Amino acid sequence: MVYFFWADTPIAGAQCSHCHTILWTNLRTHPILSESVPAQVATHHGEYRRYYEGKIARFLSSMPPCPHCGKRQFDRFINNTQFPRFPSGRDIPEGITSADLIKVDPDSTLVYYVTVDPV
């Protein structure tokens with residue numbers, strides 16, 4: 001199953017590189033994802049990009065062990081522009097449309113949601 005979000009959806013996820021399970025969380029309440037950009041981070045010359053990539057790396061490493069395989073190997077941030085891998089580990093092919101995807105009964109899936117206490 002692959003999830004797609006609207007731009008204003010407050011959900012983000014971390015995908016396990018071992019079994020491809022996704023842990024979902026609320027990006028507005030997660031302490032790392034909701035942190036303000038430090039004043040010293042410029043919004044140009046790649047400085048913001050380095051800050052953002054570091055923030056995502058911190059988020060991925062902050063995840064608890066995967067509830068499916070028990071490993072702490074989260075390597076992909078999932079949101080409305082960063083898509084997950086399929087359960088097989090394959091990436092979504094270029095040019096695919098929603099009509100190309102197979103619809104699955106939502107009641108037949110298991111969804112993991114992580115809540116994190118604010119710091």
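Start by selecting Tyr52, which in this predicted model counts as partly exposed, at 30% relative accessibility. Turn the view until the two rings can be compared, and you will find a stacked aromatic pair whose centres are 6.3 Å apart and whose planes make an angle of 25 degrees.

Keep helix H1 displayed and move to Phe59, selecting Phe77 with it. Here the arrangement is edge-to-face, with 5.6 Å from centre to centre and 90 degrees between the planes. Phe59 is in helix H1 while Phe77 is in strand E3 (residues 74–78), so this pair ties together parts that lie 18 residues apart in sequence. Are these two phenylalanines buried or exposed? Both Phe59 and Phe77 are buried. The structure holds 3 aromatic pairs, and the Tyr48–Tyr52 pair and the Phe59–Phe77 pair are among them.

In soluble globular proteins, nonpolar side chains tend to be buried together.

Next, centre the view on Met63 and show what surrounds it. Leaving aside residues up to four places away in sequence, Met63 touches Ala14, Leu23, His30, Arg72 and Phe74.

Where does His30 sit? His30 is placed in the loop between strand E2 (22–26) and helix H1, and, at 2% relative accessibility, His30 counts as buried. Follow the side chain of His30 and you will see that it reaches the backbone nitrogen of Ile32 at 3.2 Å.

How many disulfides does a search of the whole structure find? The search finds 0. Cys16 takes part in no disulfide, and the nearest cysteine sulfur, which belongs to Cys69, is 3.7 Å away. Cys16 is itself buried, with a relative accessible area of 0%. Select Cys66 next, together with Cys19: the sulfur of Cys66 is 3.5 Å from that of Cys19, its closest cysteine sulfur, and this is too far for a bond, because a disulfide requires the sulfur atoms to be within 2.5 Å. Cys66 is buried as well, with a relative accessible area of 3%.

Finally, clear the selections and look at the whole chain in a cartoon view. The secondary structure comes to 1 helix and 4 strands, and, read from the N terminus on, the elements follow the order β-β-α-β-β. Of the 119 residues in the chain, 30% are buried. Among contacts between residues at least 6 apart in sequence, 57% join residues that are at least 24 apart. If you switch to a surface view, the chain exposes about 7,900 Å², of which carbon and sulfur atoms supply 55%.

How values were computed
Residues numbered from 1 in each chain as written. Predicted model: local features only at pLDDT ≥ 70, side-chain atom pairs only at ≥ 80, totals over all residues. Heavy atoms only, no water. Phe/Tyr/Trp six-rings, centres within 6.5 Å; stacked < 30°, edge-to-face > 60°. Buried < 20%, exposed > 50% of the residue type's maximum accessible area, 1.4 Å probe, protein only. Helix = DSSP H or I, 4+ residues; strand = E, 2+ residues; numbered from the N terminus. Contact = heavy atoms within 4.5 Å. Polar contact = N/O pair within 3.5 Å; in protein donor to acceptor, adjacent residues only side chain to side chain. Areas by Shrake-Rupley, 256 points an atom, 1.4 Å probe, with all protein chains shown as cover.
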